[in-house]
Amino acid sequence: MKEDPFGNLADWEAVLDVFDKLAENGKLAECQPGLIRILKYKGNWRLREEVLGRIGEIQRPCDQLISQVINILADDNIYYDARILAGDALLQILKNVQAGFNSEICLSARKVTERLMITPQPPLFDNALKKLYSEIDLLST
């Protein structure tokens, strides 16, 4: 399989079709560079949300994919719904990779979460951050 089978991201309906087929067939792990590209793409919120909603299913996510999810969580210029989805995805990812746990990624997620919790956040985002932070603590002990 191609690492990035998604083609032109501006043609988001076709990209969603490809994404759905890959997810249904359990092939998302095989195209992580393409998923990273979608997460970086600021041209369509649906693509980003679909990927964030499903990447927690990947059993062996690469460090770059996890880092991109952390970047979305940390980005004050991204709307809160996407950042909450990123927190949920990160939580799923960290739970899935416990066996091959990368302490650097956990430390990075903890630092970003702590930084975000220092400043007042809207209640829904604040609750998501608190949940993520408590789970990171549990996973790292």
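Colleague: Which residues of α3 do Trp12, Val15, Leu16, Phe19, Asp20, Ala23 and Glu24 in α1 meet?

Modeller: This is a predicted model, in which local features need pLDDT of at least 70 and side-chain atom pairs count only at pLDDT 80 or more, while totals for chains, interfaces and linings use all residues. Residues are numbered from 1 along each chain as its sequence is written, and side-chain values use heavy atoms, leaving out hydrogens and water. Helices are DSSP runs (H or I, at least four residues), numbered from the N terminus, and contact means heavy atoms within 4.5 Å. On that basis the α1 residues meet Arg46, Leu47, Glu50, Val51 and Arg54.

Colleague: How many nonpolar, polar and charged residues does the contact of α1 with α3 have?

Modeller: Ala, Val, Leu, Ile, Met, Phe, Trp, Tyr, Cys and Pro count as nonpolar, Asp, Glu, Lys and Arg as charged, and the others, Gly among them, as polar. By these classes the contact has 7 nonpolar, no polar and 5 charged residues.

Colleague: Are α1 and α3 roughly parallel or roughly antiparallel?

Modeller: Axes are lines fitted to C-alpha atoms over the stretch in contact, with angles from 0 to 180 degrees between N-to-C directions. The two helices pack at about 10 degrees, their axes 10 Å apart. Angles under 35 degrees count as roughly parallel, over 145 as roughly antiparallel, 65 to 115 as roughly perpendicular and the rest as oblique. The pair α1 and α3 is therefore roughly parallel.

Colleague: How far apart are the end C-alpha atoms of helix α7?

Modeller: The expected span of a helix is 1.5 Å times one less than its number of residues. For the 18 residues of α7 (residues 123-140) that gives 26 Å, which agrees with the end-to-end C-alpha separation of 26 Å.

Colleague: Is asparagine 44 buried or exposed?

Modeller: Asparagine 44 lies in the loop between α2 and α3. Its relative accessible area is 12%, so asparagine 44 is buried.

Technical notes
Buried means under 20% relative accessible area, exposed over 50%, partly exposed in between (1.4 Å probe, protein chains only).
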